[in-house]
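Here is a short report for a reader meeting this structure for the first time.

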Amino acid sequence: MRTVLTVVFFFVYAHLGSLGLRTLSNDPCDRAKLPDPRNLRSDQITVLMNGYSESRIPLLRSIAATYAASPPVAEVVILWGNTSTPTRTLTELSHNFATYSTGAAPISLLRQQSDSLNARFLPRPFITTRGVIICDDDVEVDPTSIEFAFRVWSTNPHRPIGLFARSHDLDLSNREWIYTVHPDKYSIVLTKFMVLKTEYLYQYSCGGGAKMMEARRAVDLAQNCEDILMNFVVAEQGNVGPMLVGAEKVRDWGDQRNDEGLGLNEREVGLSSRRGEHRKRRGGCIGNFHKILGRMPLRYSYGKLVNSVAEQGQCMKGGKLVFCDQWK
């Protein structure tokens with residue numbers, strides 16, 4: 001069972017070639033130690049990437065470098081949640097980031113004492129941007145799509161923006177909430193890639209009083225559903241649903257439907273890759289959060305925003321049908 005979140009964290013920091021170990025604030029909810037939200041910059045964004053599996057470190061390095069090379073990204077921070085990983089391994093990884101990173105943005109590594117899934121949403125004193133990208137270490141997004149998602153969020157800062165959508169629904173026959181996929185609507189975006197306002201980190205971790213504390217405890221007990229709870233928080237705060245954006249290229253290396261590339265161990269380390277009872281458990285989380293919080297704030301959204309409208313007609317070229325705008 002994952003341990004309940006503690007509030008002391010160690011920061012393995014790699015920035016401009018320097019390497020060190022430092023302690024962050026022992027009270028992440030102390031407003032006095034957090035930047036004034038009015039002074040956060042809106043022209044760039046901070047990436048908070050979950051890291052857990054040592055076997056996925058090569059992939060993590062590659063994905064982190066892609067984010068760091070994206071112009072809107074101010075910093076990439078790896079939130080390492082595997083408390084059993086040797087310090088030497090993370091020190092070497094941090095050193096590699098400092099030595100070999102060619103991106104404009106620095107890449108740093110934060111080792112957390114707790115493996116609670118709630119930890120990915122803690123407010124951080126080093127975040128200097130109005131928005132953050134919450135992402136996993138096994139989802140590779142092309143640079144153009146990262147920039148597009150940021151632009152969409154910049155004009156819709158109260159909404160969570162994502163590339164992967166799901167939905168809640170009510171099973172009337174069993175009188176219970178379910179977690180599902182609808183072809184025409186959605187109410188949840190996943191933390192495989194999620195863009196949201198930095199302030200929502202504080203609301204998730206520090207707001208809501210006893211009810212939110214109980215909801216976060218439910219996440220720890222389930223070892224799942226922190227993304228669903230964040231969607232609850234954002235919907236409640238903004239009174240709006242999420243927004244789904246299209247991407248030119250997204251590779252989900254952790255999806256079990258992959259039949260090549262990563263080995264079995266790399267695919268199985270992610271909690272969401274364990275099929276079977278996965279949807280049932282997630283539906284149970286929705287029902288539990290509804291019961292704890294006493295309301296159902298999730299709102300449906302419709303449609304998907306795309307970066308450009310490409311040619312849909314097909315023409316024959318070299319004996320093959322291709323999109324006409326590719327026919328030269």
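## A buried charged pair

Asp252 and Lys192 are both buried. This is a predicted model. The two side chains meet in a salt bridge, with N and O 2.8 Å apart. Where do the partners lie? Asp252 is in strand E14 (residues 250-252), and Lys192 is in the loop between strand E11 (188-189) and strand E12 (193-197), so the pair ties together parts that are 60 residues apart in sequence.

## Other salt bridges

How many salt bridges does a search of the whole structure find? The search finds 11 salt bridges. Side chains of opposite charge can pair when their charged atoms come close.

| Salt bridge | N to O distance |
|---|---|
| Arg31 and Glu199 | 2.8 Å |
| Arg38 and Asp36 | 2.7 Å |
| Asp252 and Lys192 | 2.8 Å |

Take Arg31 and Glu199, whose closest N and O atoms are 2.8 Å apart. This pair links distant parts of the chain, 168 residues apart. Arg31 sits in the loop between strand E2 (18-23) and strand E3 (45-51), while Glu199 belongs to helix H4 (residues 199-206). Arg31 has a relative accessibility of 37%, so Arg31 counts as partly exposed. The charged end of Arg31 also sits over the ring of Tyr202, 3.6 Å from the ring centre.

Now take Arg38 and Asp36, joined side chain to side chain by a salt bridge. Is Arg38 buried or exposed? Arg38 is exposed, because its relative accessible area is 73%. Asp36 is at 26% relative accessibility and therefore counts as partly exposed.

## The nonpolar core

Next comes the interior. In soluble globular proteins, nonpolar side chains tend to be buried together. Here the largest nonpolar core has 75 residues. Tyr67, Ile78, Met230 and Phe289 have the most contacts inside this core. Which helix gives the most to the core? Helix H1 (residues 57-68) does, with seven residues.

Look closely at Phe289. Leaving aside residues up to four places away in sequence, Phe289 touches Ala215, Ala218, Val219, Cys225, Ile228, Leu229, Phe232 and Gly294. Phe289 is buried, and Phe232 is buried too.

The count of aromatic pairs comes to three. In one of them, the ring centres of Phe232 and Phe289 are 5.7 Å apart and the ring planes stand at 75°, so the pair is edge-to-face. Phe232 lies in helix H6 (residues 226-238) and Phe289 in helix H8 (residues 278-293), so this pair ties together parts that are 57 residues apart in sequence.

## A three-stranded sheet

Finally, the strands. An open sheet of three strands runs in the order E10-E9-E11, with antiparallel pairing. Which strands stand at the edges? Strand E10 (176-180) and E11 do, each with a single partner strand, so one side of each is left without a neighbour in the sheet. Strand E9 (residues 165-171) and E11 run antiparallel and are joined by two bridges. Ala165 has Val189 in E11 as its bridge partner.

Terms used
Residues numbered from 1 in each chain as written. Predicted model: local features only at pLDDT ≥ 70, side-chain atom pairs only at ≥ 80, totals over all residues. Heavy atoms only, no water. Core = buried A, V, L, I, M, F, W, Y, C linked by side-chain atoms within 4.5 Å. Buried < 20%, exposed > 50% of the residue type's maximum accessible area, 1.4 Å probe, protein only. Helix = DSSP H or I, 4+ residues; strand = E, 2+ residues; numbered from the N terminus. Contact = heavy atoms within 4.5 Å. Phe/Tyr/Trp six-rings, centres within 6.5 Å; stacked < 30°, edge-to-face > 60°. Lys NZ or Arg CZ within 6 Å of the ring centre and 35° of its normal. Salt bridge = Lys/Arg side-chain N within 4 Å of Asp/Glu carboxyl O. Pairing = 2+ DSSP bridges.
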